[in-house]
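Please look over the entry below. My notes follow as numbered points.

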Amino acid sequence: MQKSDNRLTPKDLINIGIFTAIYFVVAFAVAMIGYIPIFIPLQSMAVPLAGGIPMMLMLTKVRKFGAMLILAVVVGAVYTVMGSGIWLLPIGIVSALAAEFIVKSGKYQSAKKAVLAYGVFCLAVFGNYMPIFFSRDAYRSFVIESGYGEEYADALIRYLPNWIAPVLVAACFAFGILGGLLGRAVLKKHFDRAGMA
Amino acid sequence: MTAELLRGDAYQGLRLDPRTKMAMVFVVGIILTAGGYGGLMTYVRPALAFMPLLLLLLSKRWSAAAFYAAAFSAAYLGEIFLLSSTFGILNFILLASVGLFARFMPGLMMGYFLVSTTTVSDFMSAMRKMHVTEKLAIPLSVMFRFFPTVREEYGAIGDAMRMRGVSLCGGKPLKMLEYRFVPMMMCSLKIGEELSTAALTRGLGSPAKRTNICRIGFHAQDIPFLMLSAFCLAAYVRWLIANGGGAW
């Protein structure tokens with residue numbers, strides 16, 4: 001064994017890479033629904049919910065500091081390249097750091113803390129919406145300029161009034177918790193029984 | 001004995017430095033999804049959208065190039081002809097699919113180009129030359145190698161389900177999540193174990209500095225692509241300043 005057990009070994013890093021890939025694919029597939037403007041608010045529920053299973057499994061495979069953080073940095077960076085705005089990455093890093101300290105406080109053994117941590121982690125999804133709330137006019141003209149037309153832009157803006165921002169934050173958190181619980185349930189039902197978690 | 005033989009890959013097309021490819025993925029991705037229109041951007045956008053096609057052709061990925069050319073021109077023509085003649089819900093749905101193609105396809109194809117023409121060793125040595133910590137470099141290289149596997153396994157699971165008559169038409173989304181996800185993650189975990197054993201055999205965890213046979217470096221063929229990337233990035237920054245930070 002290595003001298004320090006809290007260091008991320010190459011095995012851990014490879015596992016993180018695999019779960020990052022799964023998380024990314026799942027989140028990307030689910031986030032596609034946001035292309036229809038009515039469904040944009042639904043992103044804040046669907047992404048945390050679907051990502052819960054890979055995240056919970058990762059947290060049982062890699063019980064060390066840094067797994068969530070690395071996932072957040074990589075996924076956030078790829079999403080930034082794909083055009084989700086500049087907010088996602090910094091918010092993702094902050095919320096992943098907070099989540100890291102929560103799992104750490106449970107000594108990486110507490111299931112409740114892991115679920116709570118994933119809820120906090122999911123606050124990053126709100127980073128996607130930030131351009132709409134913080135630079136509404138610029139966002140609207142950007143959408144129109146991009147060739148989407150006024151009709152589309154107005155629909156988008158109409159479905160996301162300012163008062164909905166705290167609701168979205170709460171939804172990210174609540175559905176993160178739900179996703180975490182779902183992940184725990186799946187883990188218990190399948191992976192514990194097969195001796196893989 | 002040339003390095004080509006030792007590498008063992010049969011790649012014959014244009015050889016670019018992985019860092020050049022990464023820079024171009026970055027530029028194409030960001031500018032086409034977040035960049036604006038008008039001014040210099042009128043020329044930058046088509047140039048960047050054309051880039052994946054050029055690179056795929058130069059690296060002899062004929063079928064991918066043909067797919068990209070067909071899909072992109074269909075989306076482009078759709079944008080011109082269909083959108084102006086439809087409205088309401090139909091218009092939204094068309095916008096969604098057309099917009100998706102026009103904005104994400106070039107970036108995704110660039111990503112495909114990067115992954116399919118770069119070996120893991122090349123990638124790792126490029127990462128080390130850029131002084132990226134192993135904590136990011138290893139997950140990243142695993143991740144990019146893993147995407148095709150995810151798709152393959154997903155298809156295999158679908159086949160197995162169909163063979164056993166498990167159909168998802170019943171409309172149980174949670175069940176579907178379970179039946180699809182669980183086997184996929186089981187085999188992903190196994191693949192991960194194999195991967196880490198293979199990596200350990202190659203000395204990934206050892207405290208000594210790893211050597212690498214790949215000769216990474218910028219050559220003449222990198223220059224035009226790097227210059228084009230730099231120019232497009234400059235145009236984008238100029239647009240950002242002119243538009244007060246843009247929408248982001």
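**Notes on helix packing and burial**

1. In H4(A), the residues Ser95(A), Ala96(A), Ala98(A), Ala99(A), Ile102(A), Val103(A) and Ser105(A) contact Lys113(A), Ala114(A), Leu116(A), Ala117(A), Tyr118(A), Val120(A) and Phe121(A) of H5(A). By class, this contact holds 11 nonpolar, 2 polar and 1 charged residues. Contact means C-beta atoms, placed from the backbone, within 7 Å. Ala, Val, Leu, Ile, Met, Phe, Trp, Tyr, Cys and Pro count as nonpolar, Asp, Glu, Lys and Arg as charged, and the others, Gly among them, as polar. Helices are DSSP runs of H or I, at least four residues, and strands are runs of E, at least two, numbered from the N terminus.

2. This is a predicted model: local features need pLDDT of at least 70, side-chain atom pairs count only at pLDDT 80 or more, and totals for chains, interfaces and linings use all residues. Residues are numbered from 1 along each chain as its sequence is written, while chains are lettered from A and ligands numbered from 1 in the order written.

3. The axes of H4(A) (residues 88-105) and H5(A) (residues 111-121) come within 8 Å and cross at roughly 175°. The two helices are therefore roughly antiparallel. Angles under 35 degrees count as roughly parallel, over 145 as roughly antiparallel, 65 to 115 as roughly perpendicular and the rest as oblique.

4. The contact of H1(A) with H7(B) comprises 16 nonpolar, 2 polar and 1 charged residues.

5. How well does the span of H3(A) (residues 67-81) agree with 1.5 Å a residue? Its 15 residues should span 21 Å, and the end C-alpha atoms are 22 Å apart, which agrees. The expected span is 1.5 Å times one less than the number of residues. Of the 15 residues of H3(A), 13 are buried, so this helix is largely enclosed by the rest of the structure. Buried means 20 or more other C-beta atoms within 10 Å, exposed 12 or fewer, and partly exposed in between, with C-beta atoms placed from the backbone.

6. Arg61(B) sits in the loop between H3 (41-58) and H4 (62-81) of chain B. Arg61(B) counts as buried because it has 20 C-beta neighbours inside 10 Å. Leaving out residues up to four places away in sequence, Arg61(B) touches Leu56(B) and Ser116(B). The C-alpha atoms of Arg61(B) and Thr117(B) are separated by 9.5 Å, at 56 residues apart along the chain.

7. Chain B has 9 helices and 0 strands. Of its 248 residues, 28% count as buried.

Terms used. Axes fitted to C-alpha atoms, helices over the stretch in contact; angles between N-to-C directions. Contact = placed C-beta atoms within 7 Å.
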